[in-house]
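Dear colleague,

Please find the structure for your review below. My notes on what was found in it follow directly after.

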Amino acid sequence: MENTYLQQNLTAIFTQLPIAICILNGPDFTIAMANDKALELWGKTKEEVMNKPTFQVFPELEAQGFLDILNGVYTTGKHFISSENPVKLIRNDNIKEIFVHFEYNPIYGTDGRITGIIGTSIDNTAQIEAKKKIEQSEQQLKIALEGGELGTFDYSPLTNELNWSGKTKEFFGLPEDAPVSYDLYVKAIHPQDRINSKAILAKYEKDMQRNGLYELEYRAIGIKDGKIRWLRSKGKVTHDEGGKPIRYTGILQDISKQKEAEDALKESENEFRQLADLLPALVWTTDSKGQQTFASKRWKEFTGLDPCDASTFEKMVHPDDLPEIIKTWTHCLGTGKPYKTYCRLKNKNDEYEWFYVNGEAIKNDNGDIEKWIGTFTNINEQKKVEEYLTTALRKVAESEERSRLAIEAADLGTFDWNLLTQEFISSQRLNDIFGYQFESKITHEQLVAAFHPEDITIRNKAVSMAPEKGSLIYEARTIWPDKSIHWARVYGKIIYDANNVAQRMYGTVMDITERRMVEKELEEKVIARTLELKKSEETIFRMVNEVQDYAILLLSKEGIIENWNKGAQKIKGYTSDEIIGKHFSIFYNSHDLEASVPNELLKKAATVGKASDEGWRVKKDGSLFWASVALTALHDQENNIIGFSKVTRDLTQKKIAEQELEAKSADLEKANLALEKSNSELEQFAYVASHDLQEPLRKIQFFIERLRIALPTTDTNAILYFDKIKNSTMRMNTLINDLLDFSRLSSMNEQYVTVDLNAVLQNIKTDFELMILQKNATVTVSALPTIDAIPLQMQQLFYNLVSNALKFSKESVPPVISVGCGRLTEAEIAASHPNLDPNLSYYCIQVKDNGIGFDQQYAEKIFVIFLRLNDFYTYGGTGIGLALCKKIMINHHGDIYARSVENEGSSFYVVIPEKQS
């Protein structure tokens with residue numbers, strides 16, 4: 001009995017585990033079991049996968065290496081694990097890439113042979129995508145409201161409950177956290193506007209019986225700051241069946257600035273024109289015949305056109321709005337009535353935006369129109385909100401229509417029962433359900449008499465309790481006139497008056513005879529299936545026990561351990577005999593026990609269905625391991641908690657790696673600081689050394705020259721020695737200057753500017769003009785780009801490269817030097833220069849010669865400072881030039897490398913970004 005109970009709970013574990021689990025049997029990996037999480041991950045139904053070979057269901061997985069993985073587990077018995085692995089699945093004929101963590105473990109039969117594989121997977125892709133979409137939708141709505149400077153309100157006359165948004169509270173001079181009430185709202189309305197607002201609202205309420213929309217303007221006195229603000233309210237009223245308003249919802253806009261502008265316009269024409277240019281609205285005036293006489297500068301700022309020309313104005317208005325605009329304006333010109341309408345105007349970016357058009361006729365004492373004054377107010381953001389509300393209202397209407405269609409589609413009968421007069425009205429479909437297909441006038445008594453004698457008590461009990469419960473629902477058998485038995489499901493809703501007295505009942509009746517027959521057939525199948533499940537429980541029990549990478553436990557609702565698998569023994573060290581019957585808090589350290597961590601996990605899982613945690617846990621031998629825990633509540637058919645499943649994974653190695661990474665990061669930061677200090681000291685040393693060493697060299701050169709003049713010149717050996725000393729001091733001076741240049745490259749005090757490399761190469765050719773003539777050299781330069789760089793360093797870079805090409809030329813062979821350039825593709829950067837920034841665009845500049853070349857094995861060493869491949873006496877130099885070039889490319893976030901063949905020539909490649917950011 002205990003074993004059956006345990007096996008049933010283990011089956012429930014696999015159904016409720018927060019991970020996807022499947023069982024694959026045999027060498028063709030037939031899918032024998034897959035929980036709901038697995039089906040959701042695959043995008044398949046049970047009918048599509050059960051009892052079918054894996055690669056028949058998922059042929060796309062074979063090319064992704066899964067066949068080799070499963071064969072390896074099945075033949076060797078070794079479990080396989082992969083973290084965050086990209087997998088491409090075909091869902092609805094489309095390839096969908098997801099990222100999953102999955103594991104495969106062998107399943108052993110009673111004879112010790114491998115019979116199948118159990119697989120577990122976790123997918124977080126859908127949650128991340130859903131979260132992004134929700135955040136984007138919420139952000140868009142928030143931007144729309146904030147950009148339109150709109151407040152919202154929601155008022156229920158039945159409960160007198162009023163809700164304001166933060167912007168609405170701001171309009172009424174309240175802080176965002178202040179409480180509000182309807183009485184407070186009425187008190188805040190300006191005394192002169194209260195009566196007028198009520199009259200306007202009463203007028204709209206009559207119209208609201210048709211469309212429910214209203215609009216009014218009034219002044220509000222700030223409750224806290226006393227400031228008077230003009231507000232425009234636009235909303236929707238919802239009525240009950242009797243036409244009584246039960247809810248007001250809508251938006252508020254602060255129109256104080258517009259009102260102030262309108263008042264100012266009446267004072268003087270000059271002040272009007274100055275003020276009109278400052279208003280955010282588009283202001284206009286016309287003469288009595290409608291010819292435009294003034295347009296504020298906002299018109300041209302918005303449209304980019306002069307609106308005073310009638311033909312130009314027609315180009316601004318949306319073609320769909322133009323006929324109505326002309327019709328309304330013509331009518332107002334003839335009647336003198338206010339000009340109020342809406343239209344879309346095209347801005348200077350050729351985009352249309354919504355405007356509210358408001359014009360008034362200015363009349364003289366005789367009542368004749370002298371001119372018209374008006375504004376076009378941008379309400380584009382407000383329109384977006386209104387469209388949102390309109391869409392919401394349309395959806396409500398569509399929902400009601402769908403309900404009606406659903407009743408018809410569901411083949412439901414309906415009834416209306418007056419509980420006071422007992423008048424009962426039934427639809428023809430209801431009469432059909434009770435067997436009266438050809439009779440339309442059926443009494444309530446006939447319908448009641450049709451119930452099966454054994455079920456009449458069910459009906460009577462449900463009807464007697466309906467007034468108290470507010471609804472009626474029951475299922476019972478009926479006997480048709482032809483003596484056949486049918487099943488009916490009755491549902492009703494009670495309507496009460498103001499005194500809570502039941503007045504009417506509206507309801508539906510459904511013929512569920514076919515459903516009952518199916519249920520009976522299903523019950524028989526369930527009994528047969530139960531017998532099959534009992535046979536498979538032993539397999540499931542072995543399967544759970546064989547999982548070694550997860551500790552899978554079953555806990556009672558008090559937290560007592562009720563089962564123990566091999567994974568739990570492997571991770572925590574206890575055998576099943578040692579641990580079953582003990583509380584799972586035995587795995588927690590003293591600090592977590594004091595903080596009641598185990599009990600809090602149980603409470604959270606019981607409340608929300610699951611709980612997760614990570615932390616150090618205690619093994620049997622007292623050692624610690626870093627555990628990732630998932631706790632899931634298990635429920636019976638009545639949704640009562642009967643226990644918990646607990647899945648634990650040992651992540652100690654991952655935790656140790658994270659700690660080691662943090663320690664190495666700290667050591668690296670210290671090393672960087674020490675390196676910066678060392679570089680600074682090296683720069684100071686180079687500066688001092690260059691100046692201190694150059695002074696004695698100048699003195700040596702000076703006195704050598706004096707000695708040469710003073711001593712006889714007949715001694716040829718003495719002349720030779722003087723020349724050697726002079727040449728040595730010159731080489732020393734060159735070496736010091738090169739070292740100083742090299743050290744300066746580390747400081748990076750210079751700024752990047754736009755550098756034309758064509759000008760740089762032209763200057764270098766001029767510098768080497770004499771040597772080019774002496775060696776009869778040919779130097780060709782193709783078109784080079786303009787880049788972000790340090791000008792002096794670009795001069796040093798290409799000076800050294802051209803100098804080397806001339807210097808290391810062959811005897812009696814005229815040097816041929818070419819400089820070319822090309823832009824690198826993203827693929828070339830990724831393949832050949834993976835250390836470069838893939839977000840930047842790079843050029844590759846080649847400096848090619850036909851000189852003596854060098855062995856390619858020295859292609860890296862030639863950029864090392866002081867390293868020379870040729871003797872000094874033949875070719876000269878200090879061995880610093882190419883090291884200087886390498887340093888310059890590091891400063892410019894690029895690269896330099898060489899390709900060469902001895903006695904054939906060399907090519908140096910400079911890879912440099914077009915922009916430095």
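In this predicted model, strand β16 (residues 413–418) runs antiparallel to strand β20 (residues 502–511), and six bridges join the two. One of the paired positions is D416, whose bridge partner in β20 is Y506.

Strand β20 also pairs with strand β19 (residues 485–496), again in the antiparallel sense, here over nine bridges. Within this pairing, I494 has M505 of β20 as its bridge partner, and K493 is bridged to Y506 of β20. Strands β19 and β20 form a hairpin, with five residues between them. In the turn of that hairpin, N500 has a positive phi of about 65°.

These strands belong to an open sheet of five strands, which has the order β17-β16-β20-β19-β18 and antiparallel pairing. Strands β17 (424–426) and β18 (471–479) stand at the edges with a single partner strand each, so one side of each has no neighbour in the sheet. On average, neighbouring strands of the sheet are turned by 20° against each other, direction ignored. Helix α18 (residues 456–469) packs on this sheet and touches β16, β18, β19 and β20. The direction of α18 makes about 165° with that of β18.

I turn next to the packing of helices. Two packed helices are described by the angle between their axes and the distance between the axes.

The axes of helix α26 (residues 757–767) and helix α28 (residues 791–807) come within 10 Å of each other and cross at roughly 50°. The two helices are therefore oblique to each other, and their crossing is right-handed. On the α26 side, the contact is made by L757, V760, L761, N763, I764 and D767. On the α28 side, M794, Q795, F798, Y799 and V802 take part. Sorted by class, this contact of α26 with α28 has eight nonpolar, two polar and one charged residues.

Helix α28 also meets helix α31 (residues 881–891), and the axes of this pair come within 9 Å and cross at roughly 145°. The crossing of α28 and α31 is left-handed. From α28, the residues in contact are Q793, M794, Q796, L797, N800, L801 and N804. From α31, they are G881, L882, L884, C885, I888, M889 and N891. By class, the contact of α28 with α31 has eight nonpolar, six polar and no charged residues. M794 is named in the contact with α26 and in the contact with α31.

One glycine may also be of interest to you. Is G822 buried, partly exposed or exposed? G822, which lies in strand β28 (residues 816–823), is partly exposed, with a relative accessible area of 29%. Leaving aside residues up to four places away in sequence, G822 touches Y843 and C844. The C-alpha atoms of G822 and Y843 are separated by 5.7 Å, although these residues are 21 residues apart along the chain.

Finally, some totals for the protein as a whole. The protein has 31 helices and 31 strands. Of its 917 residues, 38% count as buried. Among contacts between residues at least 6 apart in sequence, 52% join residues at least 24 apart.

With kind regards

Technical notes:
Residues are numbered from 1 along each chain as its sequence is written. This is a predicted model: local features need pLDDT of at least 70, side-chain atom pairs count only at pLDDT 80 or more; totals for chains, interfaces and linings use all residues. Side-chain values use heavy atoms; hydrogens and water are left out. Two strands pair if DSSP finds at least two bridges between them. Helices (H or I, at least four residues) and strands (E, at least two) are DSSP runs, numbered from the N terminus. Axes are lines fitted to C-alpha atoms, for helices over the stretch in contact, and angles run from 0 to 180 degrees between N-to-C directions. Angles under 35 degrees count as roughly parallel, over 145 as roughly antiparallel, 65 to 115 as roughly perpendicular and the rest as oblique. A crossing is left-handed if the near helix is turned anticlockwise from the far one by less than a right angle, and right-handed if clockwise. Contact means heavy atoms within 4.5 Å. Ala, Val, Leu, Ile, Met, Phe, Trp, Tyr, Cys and Pro count as nonpolar, Asp, Glu, Lys and Arg as charged, and the others, Gly among them, as polar. Buried means under 20% relative accessible area, exposed over 50%, partly exposed in between (1.4 Å probe, protein chains only).
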